[in-house]
Amino acid sequence: MLMDKAPVSPRERNKSARSFLRMLDSHHPGEEAHAQRVAVYAVAIGQRMGLGAEELVTLKEAALLHDLGKLSVDPALLSKKDAFTNEDLHAIQMHSILFSQAPRPAFLDACGPMVRHHHERWDGHGYPDGLHGEEIPLGARVLAVAESFDAIYHGVGWRTPLDEDQSISEIRNGSGTQFDPAVVEAFLEVQPLIQPLI
């Protein structure tokens, strides 16, 4: 009779996630810091929204690894500063799907739906599946706000960073179209407590 595998300790789960992050950062420098900031925002938002302890752990892991699929994207494309072609956009958008194909420990399977859908939009115009509203997993809706704020505030290869007030305004303006209004409300409540720290 086969024995069930022992549960993975929180320390081992964290160590595993961080090893993937280091690989991603080697592939595209800056990803580790971005992921860590997104995780801080995501967990704070999730806690504000009343998620339980295990849900917050899974949300943190999804936030840390939301861009892991970029390991399969050409790093030159990830750093491109010129206008993207349609082919470029398609290659980059694939990263949310590629997470499910990456070798990883089984305990990260719960992150899959959050990672796959973190670029969906509340109005249904996101990718990869065009989900809208509450069809999008709550964790993915949280990641959408957390990642977008970090990308706006810290900048990405193709976009100049905005200041804090402008970045907050962009998130607020996306409420009800790009983002779940309830998640935006939670973000606006926790952001002043977090921003000075990261």
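## Burial and surface

In this predicted model, 43% of the 198 residues of the protein chain count as buried. The protein chain exposes about 10,400 Å². Carbon and sulfur atoms supply 55% of that area.

Charge is split into 18 positive and 28 negative sites.

## Fold and dimensions

The protein chain has ten helices and zero strands. Along the sequence the pattern reads α-α-α-α-α-α-α-α-α-α.

The radius of gyration is 16 Å. A compact globule with 198 residues would have a value near 16 Å, so the protein chain agrees with that expectation. Taken along the principal axes, the C-alpha atoms fill a box of roughly 60 × 40 × 35 Å.

Contacts reach across the sequence. Among those with a separation of 6 or more, 61% join residues 24 or more positions apart.

## Nonpolar core

The largest nonpolar core has 41 residues. Those with the most contacts inside this core are I45, L65, L143, V145 and I171. The elements that each give two or more residues to this core are α1 (10-27), α2 (31-48), α3 (53-65), α7 (112-116), α8 (138-154), α9 (164-173) and α10 (181-194).

Leaving aside residues up to four places away in sequence, L65 touches A17, F20, L21, F99, L108 and V115. L65 lies in α3 (53-65).

Technical notes: Residues numbered from 1 in each chain as written. Predicted model: local features only at pLDDT ≥ 70, side-chain atom pairs only at ≥ 80, totals over all residues. Heavy atoms only, no water. Helix = DSSP H or I, 4+ residues; strand = E, 2+ residues; numbered from the N terminus. Rg over C-alpha atoms; globule rule 2.2 N^0.38 Å. Buried < 20%, exposed > 50% of the residue type's maximum accessible area, 1.4 Å probe, protein only. Contact = heavy atoms within 4.5 Å. Areas by Shrake-Rupley, 256 points an atom, 1.4 Å probe, with all protein chains shown as cover. Lys, Arg positive; Asp, Glu negative; His and termini not counted. Charge placed at Lys NZ, Arg CZ, Asp CG, Glu CD. Core = buried A, V, L, I, M, F, W, Y, C linked by side-chain atoms within 4.5 Å.
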